Amino acid sequence: MADFHAPAPDYRLDGYKAASEQIEDDFFSVTLSDDMLVPLAEHHSADGRDTYLLLYDRAAIWDIPGMAEYISLHITRDVDQRTFDFGYENHPVIPLAQNWLIRQGCPAASAELSKNHGPRPADALTARLEDLLKANPGDRYKVIDHYSDNPCSFDFGTEVRTLVHDSHPDSASAPYRLFLEETTKDFRSYTVREGAFATAEAADTWAMERDSLFPLAPTPQGTLGRRAEAARARSTVQAGSLAVAPAPVAPPRSAAAPVRPRRSAP
């Protein structure tokens, strides 16, 4: 996903100090290995008070197994006192990181990836599901667990599982949704599919055992976003059909790990 020769994150904190010792300690902890943080999107407000960064953490693969690989960071400055504060979250997939930044006040257009040399959405459904996660209309999705399986090898692709609770009335019979992101081993493209489960335990069991086909949720309704339109245009389609029909999810490459709880921010 990331460019290994990407520039360092631009915090724009020259001449500023942390508003408290705790903030200073926390910011040092988050940015300790910032030579491993690759900027994917950034926005700096015209008044100099806010900076929004979406970062890929290359060091996550050496952290706790399954650790989320993306960080969204919001720096706020008191331009009169020359002090700063900040907030951040770790995220398993880019759309959730974008959603967090937008909720913090980042313009939606600025949360888009500015220099993405990584894999592309393989089809319109992938782009549509990502747009749905990024928008999270009505706060319908609440993240429960996630797990990132990145073997760090060109012999295998990557897999990210994000388990959410869907509060939308149409999902009442199967409110636990497992978003499954699979990247090809050549890292050129990836797919996202949404599975529907009656309980969180059922989703976890499927992730552990893989003894049945992925129970695909109904295709989300609504107008296609620009990314979904572009993905559909690049694909061979039949009139009125999806770019690529949702395919059964293949068995795991090795014994699957369960979806694991998120690590809390320090």
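**View A. Buried residues of helix 1 in the predicted model.** Within helix 1, which spans residues 21-30, the buried positions are Ile23, Phe27 and Val30. When helix 1 is seen down its axis, these buried residues fall within an arc of 60°, so they line one face of the helix.

**View B. The exposed face of helix 1.** Glu21 and Phe28 are exposed residues. Both are carried on the face of helix 1 that is turned away from its buried side.

**View C. Packing partners of helix 1.**

**View D. The largest cavity and its lining.** Two cavities of 30 Å³ or more are found when the whole structure is searched. The volume of the largest cavity is about 70 Å³. Its lining consists of Val93, Pro95, Glu130, Leu133, Val160, Thr162, Phe179, Leu180, Glu181 and Val192. Helix 3 (124-135), strand 8 (158-166) and strand 9 (176-183) are the elements that contribute two or more residues to this lining.

**View E. Make-up of the lining of the largest cavity.** By residue class, the lining of the largest cavity comprises seven nonpolar, one polar and two charged residues. Strand 9 gives the most to this lining, with three residues.

Technical notes
Residues are numbered from 1 along each chain as its sequence is written. This is a predicted model: local features need pLDDT of at least 70, side-chain atom pairs count only at pLDDT 80 or more; totals for chains, interfaces and linings use all residues. Side-chain values use heavy atoms; hydrogens and water are left out. Buried means under 20% relative accessible area, exposed over 50%, partly exposed in between (1.4 Å probe, protein chains only). Helices (H or I, at least four residues) and strands (E, at least two) are DSSP runs, numbered from the N terminus. The arc is that of the directions from the helix axis to the C-beta atoms. Contact means heavy atoms within 4.5 Å. On a 1 Å grid over the protein atoms alone, a cavity is a set of points where a 1.4 Å probe fits but cannot get out, and a pocket is an open set with protein on both sides within 12 Å along at least five of seven lines; lining residues have an atom within 4 Å of a point. Grid points are joined across faces, edges and corners, and a volume is the space filled by probe spheres set on the points. Ala, Val, Leu, Ile, Met, Phe, Trp, Tyr, Cys and Pro count as nonpolar, Asp, Glu, Lys and Arg as charged, and the others, Gly among them, as polar.
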